[in-house]
Each structure stands twice: as C-alpha cells, then as structure tokens.
Amino acid sequence: MTTIAFIGSGNIGGTVARLSVQAGYDVVLSNSRGPETLKELVDELGPKARAATPAQAAAAGDLVVVSIPLRAYPDVPVEPLAGKTVLDTGNYYPQRDGDIPQLADGSTTSSELLQQHLPTSKVVKVFNNIYSEHLRALARPAGADRTALPIAGDDAAAKEAVTAFLDAIGYDAVDAGPLADSWRFQPGTPVYGNPYAGGNPNFWESPGVPAGTTVIREALDSAELRQR
C-alpha cells in the first residue's frame, strides 16, 4: 500500500491526511515545529499515522504532499524527494509571502518555483483551490455528486498517479495542463473556492456544494479567456 507523506500538516495537509487514512493509506506527517507537535493529529488518525521530520517524511513517502506557506519553499528537502511525485498545494499570497517579482509579473507560477527547487522531482499542483472544510465534506465514492479538483503538471505519469490518488480519496481530477498553466486555478480565478460553495464569493460560509468535472472545466476555461 502506498505511503502518503506530508511536509506541512495544517488545514489542507491535515485534511488530506484524514482522507488518506480513511482510504486505507499509511501517512507520515511532518511540520516545521517538530514531530512532537503532531501528537494530537497522529492520535486522532490512529495506527496508520506517524510523525517525523520533513526529511524523514520525504524519504518515507511514495507520494509527498507539500502544504506550506510559499515563502518556505526553499526549505523543502531536495535529495529525499529525488524521482518522487510531489503534490503542491501552495498559493502565492503577497501579504503573507512578501514580494516575489516573477510571480507578481506573471512570468512564472508558484508551482514552477517549487519544481525549479526540486529539479529531479515531479511536481503536480492540486488541492490549492479548495477550502479545507469543503475538501473534507465533499469526498464521495465514484458516481453521482462527485466533486472534481483541477491538477497541473509536466509529467504525464505523475499526473496519472495523482489522479488515481484523488479517486481513492473521493475526487475526480480535471487536467488543467502543464505547471505553466496552473495560474488558471490560483487565487482570484473563477475556480478558486467558489465552485465548491455554489458560487458564494464568501466560500468559507458555505457547508460545501458538489462541483463536477464540467463545472470545473468551464471555470478553468473562463479563467483562460479572461486572463489571456
């Protein structure tokens, strides 16, 4: 069984970890404050979960979820992630992350920055456009009312692995293209938050509304039309 590791175990990372355990995966959690600070979450998740340092988690994971403030991406361990598929949940928030000129001018994307930092890894952007409470609430078996999440990446096999993982934890995937196109589901785009709240701009006020592949594809396409 695949092990899912986490560099960053906050709202999104912790929620993905919960869904992973429910789907039968083993998880290895880490954060910047030390394994001992994750005891409560490990206890909640049970025997399929353990805590480690970021480097240990990176080494242990078959798939590795990086869910940290963007400004901390240079701290992500490089060597333990060589050859691995890395799921990037990050977003650029200037008020939190400071001024990053190449993101501010649109010449690159936040996931491309992480890919540059991890040159031998295969980065796939995912989970960044959905509120953590909606991520927890909207997981469904395959079939009616299943919600979709956009993904972007430069490696086809890595995207296939992430698509299979999403399916296992209760989501469909919509391929948004390469990392260079991942801006189409970053903050401020139509697919960021709102589809999972039924269009309510204050998406955190909604308990969560299923949004299938057609809804997500149309939102991605509208972002492309408005921003090109």
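Analyst: In this predicted model, UniProt, in an unreviewed entry, places the feature "domain: Pyrroline-5-carboxylate reductase catalytic N-terminal" at residues 3–91. Over residues 3–91 the chain is 29% helix and 24% strand, with the end C-alpha atoms 25 Å apart.

The sheet itself is open and has 8 strands in the order 3-2-1-4-5-6-7-8, with mixed pairing. Strand 3 (49–51) and strand 8 (172–175) each have a single partner strand and stand at the edges, so one side of each is left without a neighbour in the sheet. On average, and with direction ignored, neighbouring strands of this sheet are turned by 25° against each other. Strand 1 and strand 4 run parallel and are joined by 4 bridges, and Ile-7 stands opposite Val-66 in strand 4.

Helix 6 (residues 110–117) lies across strand 4, strand 5 (85–88) and strand 6 (122–125), running at about 165° to strand 6. Helix 8 packs on the sheet and touches strand 1, strand 4, strand 5, strand 6, strand 7 and strand 8, while its direction makes about 160° with that of strand 7.

The largest nonpolar core has 43 residues, of which Phe-127, Leu-135, Phe-165, Leu-166 and Tyr-171 touch the most other members. Among the elements that each supply at least two residues of this core are strand 1 (3–7), strand 4 (63–66), strand 7 (148–153) and helix 8 (156–169). A second, separate core of 21 residues includes Ala-5, Val-28, Val-64 and Leu-118. Leaving aside neighbours within four places in sequence, Leu-135 is in contact with residues including Ile-12, Phe-127, Leu-149 and Tyr-171.

How values were computed: Residues are numbered from 1 along each chain as its sequence is written. This is a predicted model: local features need pLDDT of at least 70, side-chain atom pairs count only at pLDDT 80 or more; totals for chains, interfaces and linings use all residues. Side-chain values use heavy atoms; hydrogens and water are left out. UniProt positions are given in the numbering used here, feature names are shortened, and annotations may be inferred rather than shown by experiment. A nonpolar core is a set of buried Ala, Val, Leu, Ile, Met, Phe, Trp, Tyr and Cys residues joined through side-chain atoms within 4.5 Å. Buried means under 20% relative accessible area, exposed over 50%, partly exposed in between (1.4 Å probe, protein chains only). Contact means heavy atoms within 4.5 Å. Two strands pair if DSSP finds at least two bridges between them. Axes are lines fitted to C-alpha atoms, for helices over the stretch in contact, and angles run from 0 to 180 degrees between N-to-C directions.
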